[in-house]
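Please keep the model in view while reading the points.

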Amino acid sequence: MRRFFHIKRLYSYILTTYIPLLLMTFAICLFLVLMQFLWKYVEDMVGKGLEISVLGEMFVYAALTLVYIALPLAILLASLMMFGNMGESLELLAVKAAGVPLLTAMKPLTILIVGIAVGVFFYQNNALPKIQTKFYSLLISIRQASPELDIPEEVFYKDIPGYNLYVGKKDQKTGMLHNVLIYDIASGFNNMAVIICDSAEMSTTDDKKMLIFTMYSGQQFQNFQQGNGSSSRYNEDFVPYARESFDTKTMMIAYDANFNRMGEEVIEGSATSNYVSKNLAELGASIDSMSLILDSVNRVDRKTMKNHSYLSFRNGYPAGKKDSLIAAARLAPVDVPRPDTLVLTKALNEQSAILQSAYMKADNNSNEFLFRSLNKTTTQRTINRHWVEWHRKFTIPFTCLIFFFIGAPLGSIVRKGGLGTPIVISVILFIIYYIVENVGYKMTRDGVWAHWFGMWFSSFVLLPIGIFLTYKAVNDSVIMNADTYVNLFKRLFFIRDKRKYPVKSVIIEKPDYEKISQSLSDLSQKIDRFLDRYGRLSYKDYWTDTNYNKELRSLRSSLEIILNSLSNSRKLEVLAKAEEFPVIFNIVRIFNTGSIPAKICMYLFPVGIILRFLSIPLEWTIRKDLRNIQRLNGEMVNILHGIHEPETIALV
């Protein structure tokens, strides 16, 4: 009963700690992806004179659309921070000491993440299509909105349709434009008008659908369109134009400066982008209908290619004998007259007509098949985009689960809380996920990979990582311990620490030189037996003999015991010789010798031979070290036999 009460309190503590952390990290991640969205679409929104309410609505829709990116990253970061803090403050150690396994401690969060994943699925299936429809209709409306008029100085301004406007200088306080040059090509280039004025003012009508130009002290030059009845000399040498001088002139230009919102039915009825507004059932129905259309077009193409061109003579075969005649024609060669000899028997005008007709038929057939090919490519690409949206409704919830089972175990292994290390690890993992997910998405969109493989490719990559980290965290792995990788690096490059035996100021136990000499002699004999047995380790023994590492560890243990005893000596020559002894390596194997994976590697010859070949340099180093130890044993025994003076024992 008490254990149940403590576990209940633990679950309550974990949930009350994790949920606020998840909300905080979700807000941070959503803000980051919104900044990415702003960076991408800033050119479409700036300079349009949009109201704050329109921009706010745009950001709300964008935030709701980008939830599928921010939520998995937030779950990963929150899990890392949560279990990293618990590991750093030794709370995880206390939980494990109380007999609560890590998976049991993760149970309430697992249920919570499963609930979130289910909610994300229904959100993407039911709410997101409507939100995306509103988002893209608003985005297209903003893109099509007329830019706010902000005419620069000494640059031709071309954003007013049908007009090019040049302003020499602009008064920022009054808005007066000076040294103005206007090219009016709204009525066509032949009727172009050029207006030059000293100054001008610009305003809009109340409904913001017309621009009002009020110009002062200027002239207007305008061409007249040439008439059809004028002489050729008149057309070449003289172009009539009109010249007008004015003190004040007003010109009105059609320019809609209002923001016109596009209807959502445009997105819903679009043949190329309507996948954003459909749920699972609608996506499936659209895929089936488009696949049916594509299959019918393919059947028509195959029938056309079969009955066209040089195979058209087969249409005259009897229906009952057509297949047998075609099969016989494939086996027996048929002499067919060369086409050019048939053409040459005709008259010259008939030859020309025949060739022209053949060319026109070939060109028409080519254009027809090209059009059909483009149509089929577009249809297939639209089907692929529908499949992308169909699978994404499942992959995003599954990614949330995977990121939790990556973040929680990794946090318990790293044991670092705060925002430093967890953010670095989260960003690295999310970048890997983003790259892999984009590769699968583009391969699916372009039809290179099957849609199920491309869209689940990131899950196939991340799922083994989550399982591996969970397994390591449950078994208290030191996978993130720096000393582990340092030792592995030293083993790979045969780097060993040198022994250091300084003279001790206080010695508790006096070394027994006679006993140590006997132990050194026994060690040399053990090394002889080991080298005789394992001088050349066979391929089979490498994978199946479990005594090799045991005996090697025994030799290493015996050597360390002897050297620890000699480290209590006050004789410098003894300590110097003890420092010359090498440190014996252990054979590093991916799988334990004699285990089932090791036997599988043994029978998978390409894998087993490669791993065996990589272990040969280490075995050669071990044998060399053992022979060196035998030599040093003899030298040490001679030094010990030469010591006659008794050593004093200093007691604390």
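The numbered points below go from the whole chain to a surface patch and then to one residue.

1. The model is predicted: local features need pLDDT of at least 70, side-chain atom pairs count only at pLDDT 80 or more, and totals for chains, interfaces and linings use all residues. Residues are numbered from 1 along each chain as its sequence is written, and side-chain values use heavy atoms, with hydrogens and water left out.

2. The protein chain has 22 helices and six strands (DSSP runs numbered from the N terminus: helices are H or I with at least four residues, strands are E with at least two). Of its 652 residues, 36% are buried (under 20% relative accessible area, with exposed over 50% and partly exposed in between; 1.4 Å probe, protein chains only).

3. Among contacts (heavy atoms within 4.5 Å) between residues at least 6 apart in sequence, 74% join residues at least 24 apart.

4. The accessible surface of the protein chain is about 38800 Å², and 61% of it belongs to carbon and sulfur atoms (Shrake-Rupley method with a 1.4 Å probe; for residues, only the protein chains shown count as cover).

5. Helix 1 (2-45) and helix 13 (421-445) each supply at least two residues of a nonpolar patch. The patch covers about 910 Å², and its residues include Phe31, Leu32, Ile423 and Val427 (patch residues have over 30% relative accessible area and no salt bridge; like charges are joined within 9 Å, nonpolar side chains, namely Val, Leu, Ile, Met, Phe, Trp and Tyr, within 5 Å; a salt bridge is a side-chain nitrogen of Lys or Arg within 4 Å of a carboxyl oxygen of Asp or Glu). Leucine 32 lies in helix 1.

6. Serine 12 also belongs to helix 1. Why does serine 12 count as partly exposed? Its relative accessibility is 41%. The C-alpha atoms of serine 12 and proline 108 are separated by 8.6 Å, although the two residues are 96 residues apart along the chain.
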